[in-house]
Amino acid sequence: MLKYSVKRILLAIVTIFIIAAITFFAMNAIPGGPFAKEKAPEPRVQAVLEARYGLNKPVGEQFIMYLTNLLRGDFGVSLKTGREISQTISTSFSVSATLGAMAIVVALVFGLLLGSIAALMRGKWPDRTIIFFTILFVSVPSFILATLLLLIFSHGLGWFQVWSVTETNYTLPVIALALYPMSYITRLTKSSMLDVLGQDYIRTARAKGVREQLVIAKHALRNALIPVITYVGPLTAYILTGSLVVETVFGIGGLGTHFVSAINNRDYPLVMGTTIFLATLMVIMTLVSDLLYKAIDPKITFD
Amino acid sequence: MSDYHPDQIPQKKPFSLQLDVSKFEPATAAEKEQHDIMRESTTFFKDGMRRLFKNPLAVLSIVILVLLIITIVVAPMVVPYGYSEVIRVNGQRDRSVTNLRPFTYSQLEQQAIDEGQQVFPHIFGTDELGRDYFIRVVFGARVSLAVGFFASMIVLVIGLLYGSISGYVGGKTDIAMMRIVDVIYSLPDTLMVIMLSVVLDQVLGDSLKGTILASIGNNMLSLFVVFGVLYWVGMARLVRGQILSIKNNEYVLAARALGAGAGRIIRKHILPNCMSVIFISAALQIPSAIFTESFLSFIGLGVQAPMPSLGSLANLARGGMQVYPYKMLFPALGICLIVLSFNLLGDGLRDAFDPKLRR
């Protein structure tokens, strides 16, 4: 377990380092520096400025500077607004984090519930209905789902207000974000539940005369949960990237909206900073879910 | 045994375990019949296809996909409009031709019809620039399917090469190659796609102008590059696993004993035995590529402007959504239908071909 954890953590650190390297060298590859404008400063002034920001140093040294800055939480400055990127991230991420956390909870709770129902009523109409809808939801891109929800429930039926400073109702964005992972978890839970229900210890428990609810809750569900835990890492990644689109559609001023507008404004430092931030978050969540998986189920051995 | 003769039963030696043939009686006709071959022997592939065609959902999805492909091939031949062509009536520009509803005509077109001319109907109406929307959706579906297809081909080729080398060579090479895969696998793909698209778009700039690649556009090119760099790892893992399990079979050992080289063994013995599994998972890459493409189109990194894709059409339609909801509906339905069919087909293929699921 210790060896595995160390290996896994090392891999995560290498991954984060590679992400930082890719973003840095990609940013360097873009033609034109920060002073390449129509009103370029005098060459003398430019040299002073470049010396001040370390732009005249070799690329390798700049990369090390960049890494140390990242470690200190300094992501640089936005090209458009001139604000610190770390500040933009810290103020806008709380909205995205709230939305994302709600979506994760909704996806997990309903996914587990529906998956268990589908497994327990295998082949009957609840199972068929649930599986039909999960296949359907897996096939709808999040931005189309978000747009349709907005069109039907906000503009059409008027059940939900359009997002504004005073009106912050998370219902529709959470639904738009959670339906895809929920469907995935439902299918995952169903197959792992069916797997567990066929095990000998379930038959033993039933033979002992344990009540059916207890068999399901204590013996089946607990073991069926294990594969779902590995999905928490990809789930976070999905929610974070899906959030880019869903926030933009609903006009929520979270990190996703900033990211998408930074892409359209060609605000490279902001794009890079946000990429590194989100990527690190995803790598950490994957690491946590992998370690949890290993800790919970000692039967599983990794080579 | 060369001097064996059925009539001469060899003498049974005392305490010998040799069977006494005289104690056996010949099989009757009915018993012989049991050994007749009732059905043609079937291959793994044929058997899988038979199972696949018994699955109604899979058949439905095949029918939908075939219909879609026929539509996107035939429609541009039938419909007289181009995807980037602003509609003109008798060479005259018509102001009222923009944002038409489905199956309606502009004033000039109505005039022309009244004069007895043939005007091809606008099945999905026209867009805000006066282009026929049906043909745009058709071309959008073409682009989306092509992107999905090529992306999955790239994944297939790279993953196949890498995975087969890693799995076949084994040992330290395998470990080193799989470490690289592990690292690439743990990169968050969507974010990397976004970032590389942003950067490649700038780096490539106008350097493609005049070449064939220019018509695909920088963004699509970078999408392919990203698929080639990032998405092949899943395929490589799958191929490696398949090869590892097949490599130790006796027929591979026999081939090696007869002096077959590594390349021949991979091509002739190993790949044909894992092809079905590999092709299925390549087919399942198509919807995920279409998803990625539509996602990129949404955040403004999709195909080049006059060229439509289902994702970019749906994104453009968001603007006037409350007034023209059908403009959103057609490309959205297109994406959903394509992805749904591929998902159902993939499920069906997996059920049909996965030996573990057999009863």
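## Two predicted chains and their contact

A:Pro58 is found in the loop between helix 2 (43-52) and helix 3 (59-71) of chain A, where helices are DSSP runs of H or I with at least four residues, strands are runs of E with at least two, and both are numbered from the N terminus. This is a predicted model, in which local features need pLDDT of at least 70 and side-chain atom pairs count only at pLDDT 80 or more, while totals for chains, interfaces and linings use all residues. Residues are numbered from 1 along each chain as its sequence is written, and chains are lettered from A and ligands numbered from 1 in the order in which they are written.

Is A:Pro58 buried or exposed? A:Pro58 is exposed, because 7 other C-beta atoms lie within 10 Å; a residue is called exposed at 12 or fewer such atoms, buried at 20 or more, and partly exposed in between, with C-beta atoms placed from the backbone. A:Tyr170 lies 112 residues away from A:Pro58 along the chain, and the C-alpha atoms of the two are separated by 48 Å.

Chain A as a whole follows the pattern α-α-α-α-α-α-α-α-α-α-α-α. The radius of gyration of chain A, taken over C-alpha atoms, is 24 Å, well over the 19 Å that the globule rule gives for 303 residues, so chain A is more spread out than a compact globule; the rule is 2.2 Å times the number of residues to the power 0.38. Along the principal axes, the C-alpha atoms of chain A fill a box of roughly 90 × 55 × 30 Å.

In chain B, the elements run from the N terminus as α-α-α-β-β-α-α-α-α-α-α-α-α-α.

Two residues are in contact if their C-beta atoms, placed from the backbone, lie within 7 Å. Among contacts in chain B between residues at least 6 apart in sequence, 69% join residues at least 24 apart.

Between the chains, 35 residues of chain B are in contact with 35 residues of chain A. On the side of chain B that touches chain A, helix 6 (171-186), helix 7 (189-204), helix 10 (262-298) and helix 12 (325-353) of chain B each supply at least two residues. That side consists of 25 nonpolar, 8 polar and 2 charged residues, where Ala, Val, Leu, Ile, Met, Phe, Trp, Tyr, Cys and Pro count as nonpolar, Asp, Glu, Lys and Arg as charged, and the others, Gly among them, as polar.
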